[in-house]
Amino acid sequence: MSFKNLELTQPILKALDAQGYTNPTPIQQQSIPLVLKGRDLLGVAQTGTGKTAAFGIPLLQLLDAQKNPKKGIKGLILTPTRELAIQIEESLTAYGKYTKPSHAVIFGGVSQVPQVKKLQQGVDILVATPGRLLDLMDQGFIKLNQLEIFVLDEADRMLDMGFIHDVKKVIKNLPAKRQTLYFSATMPQEIQSLANMLLKDPAKVEVTPASSTVDKINQSVYFTNKPDKRKLLLHLLAENEISTALVFTRTKHGADKVAKFLSKSDFKSAAIHGNKSQNARQNALKNFKNGKLNVLVATDIAARGIDIDELTHVFNFDLPNVPETYVHRIGRTGRAGNNGIAISFCAAEERPDLKNIEKLAAIKIPVVQGHPFPLDENAAPQAAQKKQGNRNRQRRRA
Ligand code: AMP
């Protein structure tokens, strides 16, 4: 995917080229088209993901496209710290090198005089920290009645830093008719409530940064024989009284078999995968979310886009071949400040997959000993050797 696929105008593309950007990051790919269409946005992303450009680029393009722009501040970016405010304004300077909208940055702890002077020259996009913004509003130097696009950046940090009341005061002064882009790395309850209050029919985009997600989740691995995996799953679900779990299998057939097995044992389960109709998948998902189903068994492709805030357990019934997939799978739990538990089953032939995962995530996943279905080391070597042989052949071919 290139920036050219995102319906950006020439002046923006030229500026991105000058920055040496070739491809949009995932948050940019997802957000830019939605913002250009005028949608409200709920972006769950951290600094370092490219989120500044994800809101900055479409903001510049939308305002640049206006034939007879009104006078006054039309875009406001509210961010918690002086450092972030400065960085954002620098990014606007870079991405807006060939576009018309003017911009300025204001923050506390320094003289207001140069900031006021800049504001009096007329500013289209203002980057601000909450305290200085309110101060200059109170003094009558800033009016937000022409505002069209409001960006709230790092909402969770605003809360942590005690700025949430200031943010709410600012919001009271914004026109009701506006486009709002809301970004936060995490979604604690208060931040979600604020989002619900501010956003109208928002599109949600989320990027999961690999390493930090892995750190927050309680992970463990059970070595077991392949034919015993279903019994082990059932045992763990029952023993720990787990009421909702997402179970990943490698194949569609595997997903069906596991779901059937669990359903026979009083755990209401359904499988979702590519062979099921869209309707069946959506039904299963709906029933899972409203608690009618306890367990959803999914393949990786079918699970894409599944977003369940209160999911406590993810099971890797089969370990994925691609280690990044492990990180994405377990990132389904431990969201919104909740605790997450990720349990993996590893048969003898999956040991190399486990090794690769541990290498990628730079962790050692604790092994659970003393469970009722341990790996029979004597029975296993044949299968493991066969798989290793296949791998070596593949490697030689590559
Ligand atoms: P941010 O998450 O917005 O703080 O951006 C993190 C860093 O990534 C900044 O140094 C940006 O300049 C850089 N960056 C953002 N988008 C891209 C891109 N598409 N290609 C290369 N670098 C980027």
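**Ground rules.** I am working with a predicted model, in which local features need pLDDT of at least 70 and side-chain atom pairs count only at pLDDT 80 or more, while totals for chains, interfaces and linings use all residues. I number residues from 1 along each chain as its sequence is written, and side-chain values use heavy atoms, with hydrogens and water left out.

**Overview.** I found 17 helices and 13 strands in the chain; these are DSSP runs numbered from the N terminus, helices being H or I of at least four residues and strands E of at least two. Next I checked contacts, meaning heavy atoms within 4.5 Å. Taking pairs at least 6 apart in sequence, 75% of the contacts join residues at least 24 apart.

**The sheet.** I traced an open sheet of 7 strands, ordered β3-β4-β2-β5-β6-β1-β7 and paired in parallel. Its edge strands, β3 (103-106) and β7 (203-206), each pair on one side only. I counted strands as paired if DSSP finds at least two bridges between them. From one strand to the next, the twist averages 15°. Helix α5 (residues 113-120) packs on this sheet and touches β3 and β4 (125-128), with its direction at about 155° to that of β3. For such angles, axes are lines fitted to C-alpha atoms, for helices over the stretch in contact, and values run from 0 to 180 degrees between N-to-C directions.

**Two strand pairs.** β2 (residues 75-78) and β5 (residues 149-152) run parallel over 4 bridges, and Leu-78 has Leu-152 as its bridge partner in β5. β1 (residues 41-44) is likewise joined to β7 by 4 bridges, in parallel; here Leu-41 has Ala-203 as its partner.

**Helix α3.** Which residue of α3 did I pick to look at, in residues 51-64? I picked Lys-51, which lies in that helix. Lys-51 counts as buried because its relative accessibility is 4%. Leaving aside residues up to four places away in sequence, Lys-51 touches Ile-27, Ala-45, Gln-46, Asp-153, Glu-154 and Phe-183.

**Helix α4.** I tested the length of α4 (residues 82-95): at 1.5 Å a residue its 14 residues should span 20 Å, and its end C-alpha atoms are 20 Å apart, which agrees. The expected span is 1.5 Å times one less than the number of residues. Its buried residues include Leu-84, Ile-88 and Leu-92, and the buried set packs against α1 (10-19), α3, β2, β3, β4 and α7 (155-160). At the start of α4, a side-chain oxygen of Thr-81 comes within 3.1 Å of the backbone nitrogen of Leu-84.

**A loop residue.** Is Gln-121 buried or exposed? At 60% relative accessibility, Gln-121 counts as exposed. I placed Gln-121 in the loop between α5 and β4. Gln-121 and Ser-102 are 19 residues apart in sequence and 9.8 Å apart in space, C-alpha to C-alpha.

Terms used
Buried means under 20% relative accessible area, exposed over 50%, partly exposed in between (1.4 Å probe, protein chains only). A polar contact is a pair of N or O atoms within 3.5 Å; within protein, one must be able to donate a hydrogen and the other to accept it, and residues adjacent in sequence count only if both atoms are side-chain atoms.
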